[in-house]
Structure formats: structure tokens, C-alpha cells
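Below is a short briefing on a protein and DNA model.

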Protein chains: 2
Amino acid sequence: MNYEVTIDALANPTRRAILGRLRGGACSAGEIGSTLTVTQPAVSQHLKVLRQAGIVRQERAGTRRIYRVDPAGLAGLYDWLGEFWDDALKSYKEAMEADDRN
Amino acid sequence: MNYEVTIDALANPTRRAILGRLRGGACSAGEIGSTLTVTQPAVSQHLKVLRQAGIVRQERAGTRRIYRVDPAGLAGLYDWLGEFWDDALKSYKEAMEADDRN
DNA sequence: TTAATGAATAAGTGTGTACTTATATAAGTG
DNA sequence: CACTTATATAAGTACACACTTATTCATTAA
């Protein structure tokens, strides 16, 4: 998944709260919702966004849907951020050195 | 800067385009805008968001404002993402091992 | 000081999206 | 089968925010 989609998915407090709940391990949609103040459909919609972004995976267990974080879904963003940071650090240092010569 | 603010700042294509321009080094507001299709005020507004998020720094040079990426502004998000990923990987592996035992 | 340049701010508008309620679907239980 | 539980989907609403044009501010130059 490209990193833009990942950022868009992470750029929402409710979705981050959902991920915070899933951080420690898998959880049903209902359990996720029980810790939030929004309605059940809202949770379902957010889970869909997270799923389409590749950040969470779903498996069925009877009437329940169990969600868990898929680490692979975060790889693209993590790589992009790391590379961006490296570039920024490099040009930051170059600018500092250029200042020193003045 | 907390990572939520950083994500919010990154969650916009125009701001990411601005950062893409600044990635290689510092640049004036006008130069940034010249590569984009949006108007000058829009660029200025986006630069303000990036500045308030701690992602870019501004310095004055005559009538121009020079912007550059501040690597430190990305540290919080990078750390959070790394820790989140670690946790997700850990519980992912635990779940795999639990499956193996069944 | 007047004009010109570069950028920020003010104010208004349209649209995307995060919600809501209502309803549908799916799976287990009596 | 009817009923309950768990979740998803449909449809509508409200608000945040990414834009716009108009204006202001700041700096340099004539």
C-alpha cells in the first residue's frame, strides 16, 4: 500500500483510537466500539478504511469479525518517513556547514 | 511536537508536495509556490500549518522567507510509528504461535 | 516617500468526510 | 422456523478545511 493512503487512514483520531485498542492484540469490532463514544456504524466505517489501507486484517468467527493490525501495512509509510528524515538531516547538516564557512 | 499534529500536517497532498520540494534543501515561499498549481495564499497557509507542526522552520532574507525541513519535527511521529509497528509485530507473532499450537 | 516585490492575513465558498439514524445482512440459538 | 446478536451498508447532515479573491504588511529600491 502506498504511504499516502496510510497517512490518510492514520489522520483521524477515532481511527488512531481503534489502532490503539488493536495495538496489544486482536479484537472484535464490538469490543473496539465499546471503548469509544461513537456509534457502531461509525466504528464499522473506520474499520473499513483501515482495512482498505492495509493497516488491519479481518477474520470471521461466527457472527463476530476479529480485527488485528497488519504490520506490513505500515512498512511503506515507515520507509518513506525514514528516507524523508534522512534527506532532511543531510540537507540540514549541509546548511549548517555552509553557515560555518561564512 | 506530538505525533498527532505531525500526521495531520502530513495528511494533505499539497503540503506533501511542499515537503517534497523542501526535501532537497531550503527554498523561498515563492519558489515553492511556483511548482504548484494553487495560489500564493494557499501556499502561505500550508506553510503556516507545517511551521506550527514543527516540520519546517522559517528564516527571513530580505522580503523573502526561506523555509527548510526541521528533522526534529518528524522525530515524534517516527518514534510512535516504530513503537506501534514493534507492538503490532509482537502480537502478530504471538497470534501465529498460538495458531501453531492448535 | 513612492513604487515594487514577496509574503501573510482576512473573509468567503464549496466539498469531503466523520458522524448520525435507519435498515439490511449474516450467523448462531431456541 | 422465529429470534437474537454482531456487523455492515444506505442515506442524510453538519462541520472542518482546502481553496479562492481581496487586502494588508514588510522590505528593498528609485
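Helices (H or I, at least four residues) and strands (E, at least two) are DSSP runs, numbered from the N terminus. On that basis chain A has 5 helices and 3 strands. This is a predicted model, in which local features need pLDDT of at least 70, side-chain atom pairs count only at pLDDT 80 or more, and totals for chains, interfaces and linings use all residues. Residues are numbered from 1 along each chain as its sequence is written, while chains are lettered from A and ligands numbered from 1 in the order in which they are written.

**Fold of chain A**

- The elements of chain A run α-α-β-α-α-β-β-α from the N terminus on.
- The C-alpha trace of chain A spans about 70 × 25 × 20 Å along its principal axes.
- Chain A has a radius of gyration of 19 Å, whereas a compact globule of 102 residues would be near 13 Å; the radius is taken over C-alpha atoms, and the globule rule is 2.2 Å times the number of residues to the power 0.38.

**Interface between chains A and B**

- Contact joins 23 residues of chain A with 23 residues of chain B (C-beta atoms, placed from the backbone, within 7 Å).
- On the chain A side, helix 1 (3–10), strand 3 (64–69) and helix 5 (72–100) each supply at least two residues.
- Helix 5 of chain A gives the most to this side, with 12 residues.
- The residues on the chain A side divide into 16 nonpolar, 3 polar and 4 charged (Ala, Val, Leu, Ile, Met, Phe, Trp, Tyr, Cys and Pro count as nonpolar, Asp, Glu, Lys and Arg as charged, and the others, Gly among them, as polar).
- The copies meet through the same surface, because 100% of the interface residues of chain A are also interface residues in chain B.

**Surface near DNA strand C**

- There are 21 residues around DNA strand C, and A:Thr39, B:Ser28, B:Gly30, B:Pro41 and B:Ser44 come nearest (near: C-beta atom, placed from the backbone, within 6 Å of the strand).
- Helix 4 of chain B gives the most to this surface, with 6 residues.
- By class, the surface near DNA strand C has 6 nonpolar, 12 polar and 3 charged residues.

How values were computed
Two residues are in contact if their C-beta atoms, placed from the backbone, lie within 7 Å.
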